Amino acid sequence: MGMSSVEWSRYMRDVLGVPMEPDEISAAVVAKLERRYRERVPLLPHAVEAVRAAAERWPLAVASSANRPLIDLVLELTGMSGLFRATVSSEEVARGKPEPDVYLEAARRLEADPADCVAVEDSTNGIRSANAAGMRVVAVPRPDFPPSGEALRAADALLASLMELEATLDAPP
């Protein structure tokens, strides 16, 4: 989790020995995920409600390790496309998570200082990435693949559910 498509497709070829070129690996994975997402989008519970509530008050961006076509598809399928002013895939920046590049680019596209931004994350590399970008980090762990204890300690807030998000964002730093 967290690698850009360029990074993980090379890893699959070079380390795992998948006998395909990285761009072929990436395309095959994206095609399979697109089919699965059309059946069911794997969102955290209350994600759509939390995004809608936040979008009423603040400009939002997506800073994701997912490939661009998957980001766009998920936003379309969930009806959230119009709620984000910017979307950034880690394949569009030099380095994927845990490096800060994708978050710094999201802040740049929002014309915001990263120190004024809050990142909501569910993964170890995502928390590290947002933290390295100088953002406040709210961790909402996935029960099936929780972040490391080290990453959770680096977060500014830890939520059990996205239902708690609005109250957390209203709290002073």
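Contact here means heavy atoms within 4.5 Å. With that cut-off, the buried residues of helix H5 pack against strand S1 (61-64), strand S2, strand S3 and helix H6 (124-132). The model is predicted.

**Confidence**

The protein chain averages a pLDDT of 92. Of its residues, 96% score at least 70. Confidence is highest in H5, at 98. Helix H8 (residues 165-170) has the lowest confidence, at a mean of 72. Where pLDDT is low, the predicted coordinates should not be read in detail.

**Helix H5**

How many residues of H5 are buried? Seven of the 10 are, so H5 is largely enclosed by the rest of the structure. The buried residues are Asp 101, Val 102, Tyr 103, Glu 105, Ala 106, Ala 107 and Leu 110. An α-helix has 3.6 residues a turn, so residues three or four places apart point the same way.

Glu 111 follows H5. This residue lies in the loop between H5 and strand S3 (118-121). Glu 111 counts as exposed because its relative accessibility is 77%, and the cut-off for exposed is over 50%.

**Ser 89 in strand S2**

Ser 89 lies in strand S2 (residues 86-89). Is Ser 89 buried or exposed? Ser 89 has a relative accessible area of 0%. Buried means under 20%, so Ser 89 is buried.

The side chain of Ser 89 reaches the backbone oxygen of Ala 66 at 2.6 Å. Ala 66 is also among the contacts of Ser 89 once neighbours within four places in sequence are left aside. Val 102 is one of the buried residues of H5.

**Backbone features**

Most residues other than glycine have a negative phi, and most peptide bonds are trans.

| Site | Feature | Value |
|---|---|---|
| His 46 | positive phi | near 70° |
| Glu 111 | positive phi | near 55° |
| Lys 97 and Pro 98 | cis peptide bond | omega about 20° |

His 46 is found in the loop between helix H2 (22-39) and helix H3 (47-55). Its relative accessibility is 34%, so His 46 counts as partly exposed. Pro 98 is found in the loop between S2 and helix H5 (101-110).

**Gly 82 and Ala 55**

Gly 82 is found in the loop between helix H4 (68-78) and S2. Gly 82 counts as exposed because its relative accessibility is 74%. How far apart are the C-alpha atoms of Gly 82 and Ala 55? They are separated by 9.4 Å, and the two residues are 27 residues apart along the chain.

**A nonpolar surface patch**

Which residues form the nonpolar patch on the surface? They are Met 3, Tyr 11, Val 15 and Leu 16. Together they have about 380 Å² of accessible area. Met 3 is found in the segment before helix H1 (5-14). At 33% relative accessibility, Met 3 counts as partly exposed. Patch members need over 30%.

Conventions:
Residues are numbered from 1 along each chain as its sequence is written. This is a predicted model: local features need pLDDT of at least 70, side-chain atom pairs count only at pLDDT 80 or more; totals for chains, interfaces and linings use all residues. Side-chain values use heavy atoms; hydrogens and water are left out. Helices (H or I, at least four residues) and strands (E, at least two) are DSSP runs, numbered from the N terminus. Buried means under 20% relative accessible area, exposed over 50%, partly exposed in between (1.4 Å probe, protein chains only). A polar contact is a pair of N or O atoms within 3.5 Å; within protein, one must be able to donate a hydrogen and the other to accept it, and residues adjacent in sequence count only if both atoms are side-chain atoms. Patches are made of residues with over 30% relative accessible area and no salt bridge: like charges are joined within 9 Å, nonpolar side chains (Val, Leu, Ile, Met, Phe, Trp, Tyr) within 5 Å. Accessible areas come from the Shrake-Rupley method with a 1.4 Å probe; for residues, only the protein chains shown count as cover. A salt bridge is a side-chain nitrogen of Lys or Arg within 4 Å of a carboxyl oxygen of Asp or Glu. pLDDT is the predictor's confidence in each residue, from 0 to 100.
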